[in-house]
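Please brief me on this protein chain.

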Amino acid sequence: MLASDFPSENPRTQTRNFPYTNTLALIMNKILFILILGLSLYNCKKELKNQNEKVEIKAEKSETKKELKFSLYNSTEFELRNITVGLPDTSLTYDKLEKQSQLEWINVKSAYHYGFVRFYDIKNRKYYIQPIDYVGETPFEKGELKFIIKEIDSINQWFELDFEYKNN
């Protein structure tokens, strides 16, 4: 047991190899770490500033950019029911589409010149077109796109889907 609780009265044993101060290598490592950390934070701040500028530019462009309007036209002599149209960003559903009539225009983000279309006739027979993929296709993003149901074969339960596109 030590004779006193005061450190000055109980000196520690020290050897010649005991470092009294930090070595130069340790000091240089700390300075290098602080320098790298500071540069990283500065670059992150600069990158965030650039991203904010890009967001503002995109927001300005989107205000002037026109939307894509989409509609569906039934050119047949059949009344269509429970209609679903699948577009890349949205799925549209409608209760009924009379013969020789068109649905009202709706704004969508984008669409291809063909897509998923499903409907039922008055006898509750199901008709649909299911695209495999859109590889190599370029979507329409502005203007007016109208899918046209042209011909319906009720015996084989198929239909012809066409489109009209106007770039305004």
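The briefing below starts with the overall layout and then moves to single residues.

This is a predicted model, in which local features need pLDDT of at least 70, side-chain atom pairs count only at pLDDT 80 or more, and totals for chains, interfaces and linings use all residues. Residues are numbered from 1 along each chain as its sequence is written, and side-chain values use heavy atoms, with hydrogens and water left out. The chain holds one helix and nine strands. Helices (H or I, at least four residues) and strands (E, at least two) are DSSP runs, numbered from the N terminus. In sequence order the pattern is α-β-β-β-β-β-β-β-β-β.

**Chain totals**

- Of the 168 residues, 24% count as buried. Buried means under 20% relative accessible area, exposed means over 50%, and partly exposed lies in between (1.4 Å probe, protein chains only).
- Contacts are heavy atoms within 4.5 Å. Among contacts between residues at least 6 apart in sequence, 58% join residues at least 24 apart.

**Sheet and hairpin**

- An open sheet of four strands runs in the order β3-β2-β6-β7, with antiparallel pairing. Two strands pair if DSSP finds at least two bridges between them.
- The edges of this sheet are β3 (91-97) and β7 (126-129), each of which pairs on one side only.
- Neighbouring strands of the sheet are turned by 10° against each other on average, direction ignored.
- R81 stands opposite Y120 in β6.
- β8 also pairs in the antiparallel sense with β9 (residues 158-166), over nine bridges. Here E144 stands opposite K166 in β9.
- β8 and β9 form a hairpin with four residues between them. Q157 in the turn has a positive phi of about 55°.

**Nonpolar core**

- The largest nonpolar core has 22 residues. Such a core is a set of buried Ala, Val, Leu, Ile, Met, Phe, Trp, Tyr and Cys residues joined through side-chain atoms within 4.5 Å.
- The residues with the most contacts inside this core are F70, L72, I83, V85, L87, F119 and F147.
- β1, β2, β3, β6 and β8 (143-153) each supply at least two residues of this core. The largest share, four residues, comes from β8.
- I83 touches L72, L92, T93, Y94, K96, L97, R118 and F119, not counting residues up to four places away in sequence.

**Aromatic pairs**

- There are five aromatic pairs. Rings of Phe, Tyr and Trp (its six-membered ring) pair if their centres lie within 6.5 Å; planes under 30 degrees apart count as stacked, over 60 as edge-to-face and the rest as tilted.
- F140 and F163 form a tilted pair, 6.3 Å centre to centre with 40° between the planes. F140 lies in the loop between β7 and β8 and F163 in strand β9, so the pair ties together parts that are 23 residues apart in sequence.
- The rings of F140 and Y165 have their centres 4.0 Å apart and their planes at 20°, so this pair is stacked. The pair links distant parts of the chain, with F140 and Y165 25 residues apart.
- F140 is buried at a relative accessible area of 18%. F163 is partly exposed at 29%, and Y165 is partly exposed at 27%.
- F119, Y127 and F159 form one aromatic cluster.

**Buried polar residues in loops**

- S110 is found in the loop between β5 (106-108) and β6. S110 counts as buried at 10% relative accessibility.
- The side chains of S110 and D89 are joined by a polar contact of 3.4 Å. A polar contact is a pair of N or O atoms within 3.5 Å; within protein, one must be able to donate a hydrogen and the other to accept it, and residues adjacent in sequence count only if both atoms are side-chain atoms.
- Leaving out residues up to four places away in sequence, S110 touches L68, L87, P88, D89, P139, F140 and E141.
- S110 and F70 are 40 residues apart in sequence and 9.1 Å apart in space, C-alpha to C-alpha.
- T76 sits in the loop between β1 (68-74) and β2. T76 counts as buried at 5% relative accessibility.
- The T76 side chain reaches the backbone nitrogen of F78 at 3.2 Å.

Conventions:
Axes fitted to C-alpha atoms, helices over the stretch in contact; angles between N-to-C directions.
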